Amino acid sequence: MAMLEVNDLNVYYGNIHALKGISLAVNEGEIVSLIGANGAGKTTTLQTISGIIRAKSGNIIFDGKDITKERAHNMCRYGIAQVPEGRRVFSNLTVSDNIRLGAYTIRDTVEAKKADRKKFFDRFPRMRERKRQLAGTLSGGEQQMLAMGRAIMSRPRLLILDEPSMGLSPIFVQEIFDTILRLNKEGVTILLVEQNARMALRISDRAYVIETGYIKMSGTAKELANNEEVKRAYLGA
């Protein structure tokens, strides 16, 4: 059984049919990417899975439970965390306070939460140097690290990432993708939306191509990376 199953999902914005029968699956331990042009429905798919947007029809199954009508603020309790497009850190709070808020839903001892924070700073040593700095004063790449770290503090089984490399310098892009791979090796399943299709396919196990609200094709990342249509449309070949 897949960890996440999305079945025949239909979403509307008023009279606009944004998602047209989207179906996909993410197995435990995988990195699965959604690639497609701007406006294809990638972010809408993620936000519907996360409970931010309501589906008109279809269902979403996580770990065998139907979460289609679950509210967004309850998703962390199921083991789902999302890093939204644009990072959206708490700009007026310090790095440390952002991280503490990431663990808000965790019921555990003070010592265990301290151990989680130490693990975060070990993963992101650059953040240790800036832990008393206001999050809004960080660079874009540093804010992305903080947003990912904040999500990980909730101990998710499934981490949903929306355009993590957007607007970042090449050095930070590589660092972000290295971090995604490292988190996956530590046992976190990843669902990734990413404009940089070449990098996304390089690190993914499988991928789906979304076009104007429907799944146009799917397969292993290697299959899609070698597909001539995908090469022309998304890989600049």
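The model is predicted.

**Stop 1: helix H1**

Select residues 42-49, which make up helix H1. How many of the eight residues of H1 are buried? Seven are, so H1 is largely enclosed by the rest of the structure. Colour the buried ones to see them: Lys-42, Thr-44, Thr-45, Leu-46, Gln-47, Thr-48 and Ile-49.

Now move on to Ser-50, which sits in the loop between H1 and strand S4 (57-62). Ser-50 counts as buried because its relative accessibility is 6%, and the limit for buried is under 20%. Show what surrounds Ser-50: apart from neighbours within four places in sequence, its contacts are Ala-72, Met-75, Gln-82 and Ile-160. Gly-51, which follows H1, has a positive phi, near 85°.

**Stop 2: helices H3 and H4**

Two packed helices are described by the angle between their axes and the distance between the axes. Select helix H3 (residues 95-102) and helix H4 (residues 110-123) together. Their axes are 11 Å apart, and the packing angle is about 125°. H3 and H4 are therefore oblique to each other. The crossing of H3 and H4 is right-handed.

Show the side chains where the two helices meet. H3 contributes Val-95, Ser-96, Ile-99 and Arg-100, while H4 contributes Arg-117, Phe-120 and Phe-121. Sorted by class, this contact of H3 with H4 has four nonpolar residues, one polar residue and two charged residues.

**Stop 3: Val-95**

Stay in helix H3 and select Val-95. Is Val-95 buried or exposed? Its relative accessibility is 0%, so Val-95 counts as buried.

Display the contacts of Val-95, leaving aside neighbours within four places in sequence. Phe-120 and Phe-121 are among them, together with Met-127, Arg-130, Lys-131, Gln-133, Leu-138 and Leu-146. For a distance check, pick the C-alpha atoms of Val-95 and Lys-185: they are separated by 25 Å, and the two residues are 90 residues apart along the chain.

**Stop 4: the aromatic pair**

The structure holds one aromatic pair. Which residues form the aromatic pair, and how do their planes sit? Select Phe-120 and Phe-121: the pair is edge-to-face, with 65° between the planes and 4.9 Å centre to centre.

Phe-120 is buried, with a relative accessible area of 1%. Phe-121 also counts as buried, at 8% relative accessibility.

**Stop 5: helices H6 and H7**

Next, select helix H6 (residues 140-152) and helix H7 (residues 170-185). Their axes cross at roughly 15° and come within 10 Å. H6 and H7 are therefore roughly parallel to each other, since angles under 35 degrees count as roughly parallel. Their crossing is right-handed.

Show the side chains on each side of this contact:

- In H6: Gly-141, Glu-142, Gln-144, Met-145, Met-148 and Ile-152.
- In H7: Phe-172, Glu-175, Ile-176, Thr-179, Ile-180 and Leu-183.

By class, the contact of H6 with H7 divides into seven nonpolar, three polar and two charged residues.

**Stop 6: two loop residues with positive phi**

Most residues other than glycine have a negative phi. Select Arg-155 in the loop between H6 and strand S7 (158-162). Arg-155 is not a glycine, yet its phi is positive, near 55°. With a relative accessible area of 37%, Arg-155 is partly exposed.

Then select Thr-212, found in the loop between strand S9 (206-211) and strand S10 (214-220). Its phi is also positive, about 45°, although Thr-212 is not a glycine. Thr-212 is partly exposed, with a relative accessible area of 46%.

**Stop 7: Ala-207**

Finish in strand S9 by selecting Ala-207. Ala-207 is buried, and its relative accessible area is 0%. Which residues is Ala-207 in contact with, leaving aside its neighbours within four places in sequence? They are Ser-33, Leu-201, Met-217, Ser-218, Gly-219, Ala-221 and Leu-224.

Methods. Residues numbered from 1 in each chain as written. Predicted model: local features only at pLDDT ≥ 70, side-chain atom pairs only at ≥ 80, totals over all residues. Heavy atoms only, no water. Axes fitted to C-alpha atoms, helices over the stretch in contact; angles between N-to-C directions. Helix = DSSP H or I, 4+ residues; strand = E, 2+ residues; numbered from the N terminus. Parallel < 35°, antiparallel > 145°, perpendicular 65-115°, else oblique. Left-handed = near helix turned anticlockwise from the far one by under 90°. Contact = heavy atoms within 4.5 Å. Nonpolar A, V, L, I, M, F, W, Y, C, P; charged D, E, K, R; others polar. Phe/Tyr/Trp six-rings, centres within 6.5 Å; stacked < 30°, edge-to-face > 60°. Buried < 20%, exposed > 50% of the residue type's maximum accessible area, 1.4 Å probe, protein only.
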